[in-house]
Amino acid sequence: MNNNLLPLKQRSIVITNVPVELGVKRHFNHFERNTLNEKTVSQSFFDTPIDYFTELKSLTKGEAGYALKLAFFQRIQFNLSDAFQSPVSYVHYPIEQLDNFTKLDELFEKNYDSFDKINANVPKARANFKKRVTQTVFKLWLCGYGLLQGYTLRTISDTEIEYLMTRNKKVARFVAMILKDEPLSHVTLVPNTQDRITILESEKAKWDILTKESACEIAQHLYHFTFEILKGKAEGGYLLTFHLEDGTTQRQALSSIRWGTFRAYSSALRKFATLMIQNGYILSMEQALSGGIIDTLSSESFQTLPKNDKGNIKTSLRIWLECYSNINSLKININRIIPISVSNKERTYGKLLNFGSVHALISTLLEDQSDTFDENKLFHLRARRACLIQLVTGKRLAEVLLLKKNCLPRDAEGNVFIHFHKTKNGEPHTLPATKDLVQWVQQLQTMAPSSKIKISSEEYYYGDDETDYRLFANIYDDGPLLVSSINNFLRHVQEKLWSNVSASRYYTSHDLRRMNAVYMKIKGKSTEDIQEQLGQLNIDSQLPYLETKPPEIQAYYKKIAEKGIWSHLVELPESQQPADGTPLEQTLKRAQKQSLTSEGKESTKLFLENIISKVEKQKGKLPNNTGKQPLSTGFPIRTHNCLATEIVNCGHTELHCFSCQKYMPDSDKLEEHKAEILRYILLLSHNDDLAKKNKLEREVITYRSEDIKELLNETFQHLFKKFEIDAKATKNIEKQLYSKAKTYYRKYKKTKPTLTFLEALIFLKEGVING
């Protein structure tokens with residue numbers, strides 16, 4: 001009887017001059033047992049049906065050892081799960097005699113250099129990866145799978161590659177890559193490291209779950225708005241058609257949005273619908289508009305959401321209500337249904353940059369070798385250069401990560417440029433390329449993915465919908481390098497640089513764009529030049545990038561910059577000048593020798609007092625719910641008090657700052673802070689009176705008061721710790737301020753229900769106002 005399972009290229013291997021057959025379904029014979037040292041194995045093994053040994057997990061240790069030898073010689077086959085959970089190693093078996101592993105050696109050496117370019121010349125990394133691949137192919141061999149058809153009973157196919165992806169993606173993709181184009185291979189593709197679905201599919205699946213669980217009218221309306229109007233906007237724009245009161249048809253063209261914006265709005269509306277359902281507001285649209293929406297926005301479950309989530313929900317709800325009112329010819333006061341939070345919109349300057357930390361971060365990124373990153377890791381190599389390209393060009397990170405491999409065109413004169421084919425404003429953008437920039441791009445080109453990559457706008461909000469050779473890719477070279485991955489890299493670098501600094505103060509990739517803008521401003525570039533470099537359509541978009549301090553403070557700095565600080569410096573000989581022409585060492589040495597005279601102290605004091613006087617005169621106004629009794633902000637918060645790396649023109653009131661972890665008060669300004677808190681407590685009392693008198697605006701006023709109460713609670717929780725006041729003393733301060741407010745309001749509510757900052761300070765100290 002012929003027990004051969006399949007005509008094999010290799011029928012046997014020779015062990016100590018004895019041929020041992022491959023691929024025959026029988027136990028080892030007497031000669032094979034002697035050769036394989038199986039003489040001590042129990043005779044009962046050979047009397048047991050051979051299929052018994054295929055259930056590896058259920059075998060005893062002795063049985064498992066015998067079963068592994070049967071599997072190695074292809075007489076039985078294990079299932080994949082059992083084999084890969086077994087600790088068996090290929091080093092104990094003569095794999096070098098098998099054609100299957102000889103072919104593996106050949107394919108590995110042929111393909112490894114192109115697969116892992118960064119480690120191609122690193123012997124240790126190469127050897128370690130080869131061990132992992134060999135061990136994987138060995139486990140597949142025990143399950144009866146050979147690399148190519150004819151090596152054994154089965155052949156590795158896409159199904160087995162898919163299983164390997166669940167265990168080790170890099171090894172799985174390498175095995176697929178080396179087999180895909182081989183004759184007699186059953187592998188047809190190299191799998192992606194992750195199965196992505198479109199943003200639309202992802203959001204629809206989540207909404208379907210919600211609408212199946214609850215068929216409330218409000219959820220249905222939000223669902224329709226999301227997948228009709230928002231979807232249309234994301235697909236290029238939407239034409240909203242509705243009828244006016246006189247019956248005429250009106251059409252309104254709604255501008256397009258990106259798929260990332262679609263996802264943010266969809267997610268926000270779904271969270272809101274879920275909150276309404278959880279709070280029991282499973283009502284009609286009429287009931288929702290007459291109180292259900294504002295009740296949900298005022299609920300504890302909404303107030304405990306992160307601030308970004310609350311903001312997104314209110315923004316998307318306002319857009320929905322505007323469309324809903326137009327479609328249904330309703331006159332809806334959206335501000336009454338979704339009140340605008342208390343805010344202060346007077347600050348028109350942008351983010352504060354700490355130039356010391358900026359310099360440290362940039363210097364670190366410029367180093368080719370640093371303890372903060374590992375250039376031997378492909379991700380670190382690509383991420384660092386992505387940051388440097390963004391820093392030099394000022395482009396948005398997404399625009400950098402979309403760069404094509406051939407992105408350095410030359411003009412007729414040989415000048416090199418860098419070409420960004422996809423930008424946020426929709427227009428391609430080409431910039432002159434510096435020598436360093438060319439070098440970084442060329443380094444990336446040597447490590448660029450060898451296959452074309454499609455970046456779909458339906459899967460990635462910044463996608464260009466093109467399939468092309470890319471400069472950047474993920475570590476598996478089968479998808480784009482993500483913006484979030486670069487921000488993770490930057491956070492990792494900064495954790496190494498500043499272990500004692502809160503992560504909330506770390507710089508993000510977008511800060512690199514801001515650094516580029518500020519640098520150009522320092523170098524005297526015009527706003528038009530900066531606009532061209534950054535690729536901005538609106539020149540006013542520069543404000544958050546450049547206006548890092550109030551205009552009057554910038555004016556002082558400008559005068560200092562024009563006049564100079566040490567005009568009497570002696571120029572060094574040209575041979576000693578640094579490359580940029582600045583006598584840096586001489587300037588630093590001269591700065592160290594400067595001493596402050598009494599005359600200098602006096603002039604400095606007068607200068608500072610003049611500034612403080614001007615700042616305190618510039619009193620803004622806190623928005624008031626009804627437009628009556630305006631409340632002056634007045635409290636002079638200065639830029640050194642804020643350590644946030646956020647944009648400063650965010651509409652924050654003084655209470656927002658006081659309650660913020662990043663706010664650092666002046667240690668001698670305790671009473672001033674108490675006075676400002678007193679003003680807000682008085683505003684609460686005033687709002688309570690207004691709510692009683694004005695039923696129409698009651699819900700809006702109450703909603704705004706809840707904002708202030710939340711900020712006051714956070715202020716008492718965080719602010720006074722920074723004055724080194726313990727919890728017990730803080731509680732006493734809180735009681736005193738509420739008592740003072742009660743006393744004041746009882747006496748002055750009819751004539752002056754709210755106070756300016758200076759009036760509050762006087763009342764706090766003297767118990768009266770106006771003397």
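**Close-up views of a predicted model**

**View 1. Helix 3 and the residue that follows.** Gln 74, which comes after helix 3, has a positive phi near 60 degrees. This is a predicted model in which local features need pLDDT of at least 70 and side-chain atom pairs count only at pLDDT 80 or more, while totals for chains, interfaces and linings use all residues. Residues are numbered from 1 along each chain as its sequence is written, and side-chain values use heavy atoms, with hydrogens and water left out. Helices (H or I, at least four residues) and strands (E, at least two) are DSSP runs numbered from the N terminus.

**View 2. The buried residues of helix 3.** Among the buried residues of this helix are Glu 63, Tyr 66, Leu 70 and Phe 72; buried means under 20% relative accessible area, exposed over 50% and partly exposed in between (1.4 Å probe, protein chains only). Their cover includes strand 1 (12–15), helix 2 (43–47) and helix 6 (123–142).

**View 3. Two loop residues with positive phi.** Most residues other than glycine have a negative phi. Ser 329, however, has a phi near 50 degrees and lies in the loop between helix 14 (307–327) and helix 15 (334–337). Ser 329 is partly exposed because its relative accessible area is 37%. Asp 477 has a positive phi of about 60 degrees, in the loop between strand 10 (467–468) and helix 20 (483–497). At 17% relative accessibility, Asp 477 is buried.

Terms used. Contact means heavy atoms within 4.5 Å.
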